[in-house]
Amino acid sequence: MTLHLLDLDDLGAAEISQILNQAESFAPDGKLPSSQDDQLSDITVVNLFFEGSTRTRTTFELAAERLSATLINFDVATSSTSKGETLRDTLLTLRASSADIFVLRHGYSGAPRFVAEKVVPQAGLINAGDGSHAHPTQALLDLLTIRQLKGRCDNLTVAIVGDLLHSRVARSLIHGLHAMGTADIRACAPLTLLPDGLAQRGVKVCHRLEDAVRDADVVIALRLQRERMQTHRLPSTDEYFRHWGLTEQKLAGAKADAIVMHPGPINRGQDISSDLADGRRSAILRQIANGVAVRMAVLVRIAEAVRQQRSGSG
Ligand code: NCD
């Protein structure tokens, strides 16, 4: 049992399956129970988001509340961060006021690892997205969604389309899919938005969308992450949507029962058409519900490590 979830690369297939099974027990078929559970009544969780978030933040909040944790939603904008306090001092302050588990999102890749190893090593820490690096709980909820809707994660063809270069979601998910035995993982994006090393990681790079989606079981769209682009990487948004934006028509070659996923926030008419996002293939809202269940499972797991640490056996 470990105190930290920094990256999905730290977990193997058995641990990933355990988390998915526990999440499934909280939300069978993606339906969350309305009743309260008191498993975390002895735990204080601090949500610490140094970057914007709707889904991740609110689903961590709901997960902590459903498990009866004491929850602090730290407001970065009105905190002492705006008076020049460092990340290190903010964390030490919160730890001294009895925080047990930090849920940290930060624009700098590696910030959660720095905090976990150098600042508050005795506290629980969950990476809720760091720079372009990792987003482990998003990958877990994506795997759960695929497993529920396709009945398995192995023996599938999964296409990931869009801004892979800046995507922490894609990086973590590719690891998760490999770990769970997904046979065929494909990436598709303009050359300016493809990271190096995909082939070495067992991902097939497709330069045309129709090649990427051919016979796919799952197609995942990613947002253009303009806030991370230092130079112009695209001629225009319209041009991008014409070639790379997902539409029902462009999915003609995918399996008839192919599902479409998106980590959100979606940009309609840029990375996905409205018809597709709201249509029969879309699993986007299921992903959100699974986000609560997966985060409940991760919190329960980290809380066990916190209790071991408290009792001196961690
Ligand atoms: C993603 C993120 O923040 O990395 N969204 C999410 O957490 N649901 C993807 C994105 O911002 O495009």
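**A charge over a ring, then the ligand**

Reply: The charged end of K250 sits over the ring of F241, 5.4 Å from the ring's centre. (Here NZ of Lys or CZ of Arg must be within 6 Å of the ring centre and within 35 degrees of the ring normal.) The model is predicted: local features need pLDDT of at least 70, side-chain atom pairs count only at pLDDT 80 or more, and totals for chains, interfaces and linings use all residues. Residues are numbered from 1 along each chain as its sequence is written, and side-chain values use heavy atoms, with hydrogens and water left out.

Now the ligand. Around it are T56, R105, H135, Q138, R168, V169, R223, P263, G264 and P265, each with a heavy atom within 4 Å of it. This shell has three nonpolar, four polar and three charged residues; Gly counts as polar, Pro and Val as nonpolar, and Arg as charged.

Next, the polar contacts (pairs of N or O atoms within 3.5 Å). A polar backbone atom of G264 is 2.8 Å from a ligand nitrogen. For P263, a backbone N or O atom lies 2.9 Å from a nitrogen of the ligand. Q138 uses its side chain: an N or O atom there is 3.3 Å from a ligand nitrogen. The protein covers 95% of the 320 Å² of accessible area that the ligand has on its own (Shrake-Rupley method, 1.4 Å probe).

Note on methods:
A polar contact is a pair of N or O atoms within 3.5 Å; within protein, one must be able to donate a hydrogen and the other to accept it, and residues adjacent in sequence count only if both atoms are side-chain atoms.
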